[in-house]
Amino acid sequence: MTADDHRLRHARASLRGLAVGDALGSQFFVPANRQALLERTLPPGRWRWTDDAQMAASVAAELVGHGRIDQDSLAASFARRHDFDRGYGPAVNRMLRLVREGGDWRELAAELFNGQGSWGNGAPMRVAPLGAWFAGEAESAAEQAELSATVTHTHREAVAGTIAVAVAASLVAASTGPLDPSALFGDVLEFVPRSAVHMGIRRARDMLDYGDVGTVAAVLGCGRRTSAQDTVPFALWAAARNLGDFTEAFWTTARAGGDVDTTCAIVGGIVAVGPGGRPPAQWDEHTEPLPEWAFSPDE
């Protein structure tokens with residue numbers, strides 16, 4: 001296999017894991033499915049993924065087309081592929097509509113939230129396939145992750161969270177056997193700038209021996225505030241504790257509640273790219289297929 005073949009294989013596996021986590025996780029916002037979550041049983045029907053997988057597919061297509069992140073191209077893809085029914089946040093909905101109407105994504109992203117930029121979890125949720133693409137190239141994964149984030153999320157916390165997820169996926173994708181979770185956290189932290197996300201990841205590393213997901217979520221957060229700092233440390237904790245076991249990684253993450261589709265998307269995108277981490281075939285069959293354009297050079 002060529003280097004590009006390996007990149008594509010890793011990115012495809014990550015995106016599929018992300019989509020399964022996203023689609024199945026989103027089912028537990030439906031009150032009728034709450035009992036299924038408690039019993040760890042699958043809800044009926046075809047599971048439809050949300051904006052997490054939709055935007056991650058644009059990231060993947062960008063890498064296939066350019067081998068790196070071209071921010072203007074990625075912004076155009078996000079705007080062109082924008083599907084209101086996928087559950088985008090209101091700020092991103094408005095921003096992408098304005099980009100389609102000719103607005104400058106740089107100005108629009110920087111102006112969000114009174115000029116602070118967004119620190120939401122929307123950039124970390126979509127980046128795992130990028131990290132997988134740069135398997136074993138953590139520095140490149142971090143650099144390209146920052147470029148991908150600032151197209152929509154310019155706040156320091158969102159950028160830090162995006163870098164953390166991408167580097168974790170890069171390291172897991174390069175592994176050939178079991179990874180030590182604490183060492184994985186240490187390697188990720190080398191690339192994450194000083195931030196609340198950085199502090200949260202350090203705290204998550206200290207909690208690797210905690211088995212009570214409710215306690216961990218109470219300390220780290222689980223996306224209830226939809227911020228990067230409230231989402232990424234917990235997602236990395238759940239992924240690191242369950243590498244090689246997609247099923248256990250998913251149920252551990254979903255049981256915490258919060259922004260379940262996003263935390264499960266991040267965890268799924270990281271775990272699925274490691275040895276033995278693919279989602280179960282039955283889960284894959286229940287999940288909506290990935291869009292055909294996800295692994296074609298985007299136009």
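**Setting values against definitions**

Me: Why is phenylalanine 28 called buried?
Reply: Phenylalanine 28 has a relative accessibility of 8%. Buried means under 20% relative accessible area, exposed means over 50%, and partly exposed is in between (1.4 Å probe, protein chains only). Because 8% falls under that limit, phenylalanine 28 counts as buried. Please keep in mind that this is a predicted model, in which local features need pLDDT of at least 70 and side-chain atom pairs count only at pLDDT 80 or more, while totals for chains, interfaces and linings use all residues. Residues are numbered from 1 along each chain as its sequence is written, and side-chain values use heavy atoms, with hydrogens and water left out.

Me: How many aromatic pairs does a search of the whole structure find?
Reply: The search finds seven aromatic pairs. Rings of Phe, Tyr and Trp (its six-membered ring) pair if their centres lie within 6.5 Å; planes under 30 degrees apart count as stacked, over 60 as edge-to-face and the rest as tilted.

Me: What makes the pair of phenylalanine 28 and tryptophan 251 tilted?
Reply: Their ring centres are 6.0 Å apart, so they pair, and their planes stand at 55 degrees, so the pair is tilted. Phenylalanine 28 sits in the loop between α1 (3–26) and α2, and tryptophan 251 in helix α14 (residues 246–255), so the pair links distant parts of the chain, 223 residues apart. Helices here are DSSP runs (H or I, at least four residues), numbered from the N terminus. Tryptophan 251 is buried too, at 3% relative accessible area.

Me: Why is the pair of phenylalanine 234 and tryptophan 237 called stacked?
Reply: The angle between their planes is 25 degrees and the centres are 5.8 Å apart, so the pair counts as stacked. Both residues belong to helix α13 (residues 232–241), and because they are three residues apart, about one helical turn separates them. Phenylalanine 234 is buried at 0%, and tryptophan 237 is buried at 1%.

Me: What makes glutamate 137 and arginine 7 a salt bridge?
Reply: Their closest N and O atoms are 3.0 Å apart. A salt bridge is a side-chain nitrogen of Lys or Arg within 4 Å of a carboxyl oxygen of Asp or Glu, so this pair meets the rule. By this rule the count comes to eight salt bridges. Glutamate 137 is partly exposed at 30%, whereas arginine 7 is buried at 19%.

Me: Why is glutamate 101 called exposed?
Reply: Its relative accessible area is 56%, which is over the 50% limit, so glutamate 101 counts as exposed. The side chain of glutamate 101 meets that of arginine 97 in a salt bridge (3.3 Å, N to O), and arginine 97 is partly exposed at 36%.

Me: Which residues does UniProt list for "binding site"?
Reply: The unreviewed UniProt entry lists Thr50, Asp51, Asp52, Asp259, Asp261 and Thr262. They span 213 residues in sequence, yet no two of their C-alpha atoms are more than 12.7 Å apart, so they gather at one spot. The positions are in the numbering used here, feature names are shortened, and annotations may be inferred rather than shown by experiment.

Me: Why is aspartate 52 called buried?
Reply: Aspartate 52 has 0% relative accessibility, so it is under the 20% limit and counts as buried. Aspartate 52 is in helix α3. Not counting residues up to four places away in sequence, aspartate 52 touches Leu18, Asp22, Met125, Arg126, Asp261, Thr262 and Ala265, where contact means heavy atoms within 4.5 Å. Aspartate 261, in helix α15 (residues 260–271), is buried as well, at 8%.

How values were computed
Helix = DSSP H or I, 4+ residues; strand = E, 2+ residues; numbered from the N terminus.
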